Amino acid sequence: MTDKLNELTAAGVAVWLDDLSRVRLSSGGLDELRREKHVAGVTTNPTIFAKALSDADEYNWQLRDLATRDVDVEEAVRMLTTYDVRWACDVMRPSYDGSEGVDGRVSIEVDPRSAHDADKTVAEAKALWWLVDRPNLYIKIPATEEGLSAITDTLAEGISVNVTLIFGLDRYSAVMEAFLTGLEQAKANGHDLSKIGSVASFFVSRVDSEIDKRLEKVGSDQAKSLKGKAAVANAQLAYERYTEVFSSDRWKALAAAGAHPQRPLWASTSTKNPDYRDVIYVEELIAPGTVNTMPESVIHAYADHGETRGDTITSSYDAARKVFADLESVGVDMDDVIATLEREGVEKFEASWQELLDGVRKSLEAAAKGTGAPNKAAKGNAKSAEKAGGA
């Protein structure tokens, strides 16, 4: 049988898993995906952790210890999540070493409630970097306006960054600017640029979900004919900007000092509309130097019936621009779409974080009372967290 994921990897797309749990770690499932499905990285978010902590007994011993120590819920969450991420970093270390530090990365997100507070974001990024203490860690920082300076300041400390919640082209350009500035400052601070990594997580399926809703409201035949086209076009034009920035003289100077480029990472790549092909956000976004982070279901779907047709991005720029011209002509306000998606993205992760806190609080209380299986108390909270989705 053809190894479709190997073909995808050979086309320049790094396959990453958008999920993590202690069950996946303890069962060897993550290592199996690394060895057999070409998975070369892992991303996490508050929703993923909320679900993981509600579904397994593997956390019980740690919850009991934390409860015995009277640890507050905020510290407990960080102890639980950084334990898993540290373990995952060790599992992915062969990919990190084999790729000379490009892949094999595992991401953990700063508290999303600090998304609009640059100082708190940087402080937490530094704390997480210290807590996990693995060279193949990424600290996820939301690409809010306030987050841009936090990205620069975190990179300047020699800390690797996964910039998340990018929806629009102009914000993506600002993220790349923050990356370049951060590396320049890191170099001035004496850091080894070859040890600093970064990806820019450009969200995909949520763009179609929001725009399709607006096109349906417009209701014309022309509007309906544009459904399912915006997300891919948006990402394709993001890649165009990536190639421009990372062929500049400014970048070449950093590359000469050992820096790795900040790769575009396609996030939220599971289709939300069942009418769309389940691997469309993989097949239509193939180009060298990219990352596609997928839920395990999408990884298996691509392994079964994905089609790697070579580069599906760089020949599509004109068609992508036409999609946006057509969207404007039917009255879709892209600036409002992007602003809405960013606001809702932060809100969803804040809600998931709060439900994670609530679930762990109940589990700690159950552990302190010795009622057994303390994490089961969090299951109700995690159900709504899971619905929040995201990458």
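User: Let's start with a helix pair. At what angle do H6 and H8 pack?
Analyst: This is a predicted model. In it, helix H6, residues 73-91, packs against helix H8, residues 118-132, at about 60°. Their axes are 9 Å apart.

User: Is the crossing of H6 and H8 left-handed or right-handed?
Analyst: The crossing is right-handed.

User: Which residues make the contact?
Analyst: H6 brings Arg-78, Met-79, Thr-82, Val-85, Arg-86 and Cys-89. H8 answers with Glu-124, Leu-128, Leu-131 and Val-132.

User: How many of them are nonpolar, polar or charged?
Analyst: Six are nonpolar, one is polar and three are charged.

User: Switching to the whole chain. How many helices and strands?
Analyst: The protein chain has 19 helices and eight strands.

User: Why call the chain as compact as a globular protein of that length?
Analyst: Because its radius of gyration is 21 Å, close to the 21 Å that the globule rule gives for 391 residues.

User: What box do the C-alpha atoms fill?
Analyst: Roughly 60 × 50 × 50 Å, taken along the principal axes.

User: And what share of the residues is buried?
Analyst: Buried residues account for 56% of the 391.

User: Last one: what about contacts between residues at least 6 apart in sequence?
Analyst: Of those contacts in the protein chain, 79% link residues at least 24 apart.

Technical notes: Residues are numbered from 1 along each chain as its sequence is written. This is a predicted model: local features need pLDDT of at least 70, side-chain atom pairs count only at pLDDT 80 or more; totals for chains, interfaces and linings use all residues. Side-chain values use heavy atoms; hydrogens and water are left out. Axes are lines fitted to C-alpha atoms, for helices over the stretch in contact, and angles run from 0 to 180 degrees between N-to-C directions. Helices (H or I, at least four residues) and strands (E, at least two) are DSSP runs, numbered from the N terminus. A crossing is left-handed if the near helix is turned anticlockwise from the far one by less than a right angle, and right-handed if clockwise. Contact means heavy atoms within 4.5 Å. Ala, Val, Leu, Ile, Met, Phe, Trp, Tyr, Cys and Pro count as nonpolar, Asp, Glu, Lys and Arg as charged, and the others, Gly among them, as polar. The radius of gyration is taken over C-alpha atoms; the globule rule is 2.2 Å times the number of residues to the power 0.38. Buried means under 20% relative accessible area, exposed over 50%, partly exposed in between (1.4 Å probe, protein chains only).
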